[in-house]
Amino acid sequence: MRKVLTAAMAALLATTTLGFAQPVTLKLAHFWPMGAGPHKDFTVNWTDEVTECSGGEITFEFYTAGTQLGNVTKLEDVLRAGLVDIAHGLNHLPRNRFTTATIMDTPLLAKSAYANSMTLWALFEEGLISKPYDGIKVLALHAHNAGLIHTKEKAVKAPGDLEGMRIRAPSPAAAMMLEELGAVPVGVPPGDTYEVISKGTADGTIFPWEGVAAFKLAEILDHSSDLKLNAASFWFAMNENKYNSLSDSQRKCIDDASGEKLVKQTGAYWDTWDAPGLEQTKAEGSEIFVPDEAQQAAWTEAMQPVIAKYHESLKGAGFDNVEETYARAQELVEKYQAEYEAQ
């Protein structure tokens, strides 16, 4: 009888212990200022949802722009090393890490943030771009709305206008595009853009409208050219060991807030984040150039050698199925753009 009671008590104790997971505080790092939309909406909304789902068992500490752990070039390294538990970074920084996802950086491929982000997630789910993410728990992949060229003094309306200009390049694809058109790419992190333009080290930058607002660029820019040439893409991921250390219920809260659901949300987020940059630019009286059909055709023609050269560079970085992935990306982005326009 005593043995039966002891076994029953042990079983009850085990059940009770499993029922109450240990509270955990997760370190989350990204490179945006805390006042920027990607922090206020994407990060805070996601963490609030996870905390609420977990009944307060999961809380978060933030490491953002200006902190050592928020350095955009080191986010993958600190995540894999376990110095942070979750990170939100750029697929092209550092270079040759998440190369497969930078298929989305191909000039002229990008459309709306919704279409771009859903395309990336579908490519990941289909296994076409997933290999470089082995060893981390990917929570979302996404990309911004097709970007613009913003300049301080000289407007950019035709491909030849870039000749000799120094433009901050957000990605290797953008740098290649600028070089092909006779410009000089300036390679600095997003947070340094204001400084290099205001000091004259750069004549302009490539950003979606969100970047104009996030980094207060409207006050130093004179021209914006809405050419829709490119988009940069982002990863949002968790240290796999940390994820596996959580209880089943805690992991479910992470999963339920992530994946396709979160990817879909980023499309609407980017539309919201872009609005202040556009309004600030208008308020400053800067020129906003939107090409007509003939002007856009000139850019399309100028981009064809760039596209071919960029894809060759991806192959050189070990991306073997570039053509297959690009063809699939073209199909997907058209499909999701149609969804976006129908909403």
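**View 1. The lining of the largest pocket in this predicted model.** In the largest pocket, 18 residues form the lining, and those lying nearest its centre are Lys 111, Asn 145, Ala 146, Asp 226 and Lys 228. Sorted by class, the lining of the largest pocket has nine nonpolar, four polar and five charged residues, while the space inside the pocket comes to about 390 Å³.

**View 2. The largest cavity and the residues around its centre.** When the whole structure is searched, one cavity of 30 Å³ or more is found, and the volume of the largest cavity is about 170 Å³. Its lining is made of 19 residues, of which Leu 90, His 144, Pro 190, Phe 207 and Phe 234 are the closest to the centre. At least two residues of this lining are supplied by strand 8 (204–207), and at least two by helix 7 (209–214). By class, the lining of the largest cavity holds twelve nonpolar residues, together with five polar and two charged ones.

**View 3. The contact of helix 11 with helix 12.** Two packed helices are described by the angle between their axes and the distance between the axes. Here the axes of helix 11 (residues 293–316) and helix 12 (residues 322–342) come within 10 Å and cross at roughly 130°, which means that helix 11 is oblique to helix 12. On the side of helix 11, the contact is made by Ile 307, His 311, Leu 314 and Lys 315, which meet Val 322, Glu 323 and Tyr 326 of helix 12. Divided by class, the residues of this contact are four nonpolar, one polar and two charged.

**View 4. A salt bridge between Asp 77 and Arg 97.** The structure holds 19 salt bridges, and one of them joins Asp 77 to Arg 97, with the closest N and O atoms 3.0 Å apart. This pair links distant parts of the chain, since Asp 77 belongs to helix 3 (residues 75–80), whereas Arg 97 lies 20 residues away in the loop between strand 3 (86–90) and helix 4 (113–125).

View 5. Most residues other than glycine have a negative phi, and most peptide bonds are trans.

Note on methods
Residues are numbered from 1 along each chain as its sequence is written. This is a predicted model: local features need pLDDT of at least 70, side-chain atom pairs count only at pLDDT 80 or more; totals for chains, interfaces and linings use all residues. Side-chain values use heavy atoms; hydrogens and water are left out. Axes are lines fitted to C-alpha atoms, for helices over the stretch in contact, and angles run from 0 to 180 degrees between N-to-C directions. Helices (H or I, at least four residues) and strands (E, at least two) are DSSP runs, numbered from the N terminus. Angles under 35 degrees count as roughly parallel, over 145 as roughly antiparallel, 65 to 115 as roughly perpendicular and the rest as oblique. Contact means heavy atoms within 4.5 Å. Ala, Val, Leu, Ile, Met, Phe, Trp, Tyr, Cys and Pro count as nonpolar, Asp, Glu, Lys and Arg as charged, and the others, Gly among them, as polar. On a 1 Å grid over the protein atoms alone, a cavity is a set of points where a 1.4 Å probe fits but cannot get out, and a pocket is an open set with protein on both sides within 12 Å along at least five of seven lines; lining residues have an atom within 4 Å of a point. Grid points are joined across faces, edges and corners, and a volume is the space filled by probe spheres set on the points. A salt bridge is a side-chain nitrogen of Lys or Arg within 4 Å of a carboxyl oxygen of Asp or Glu.
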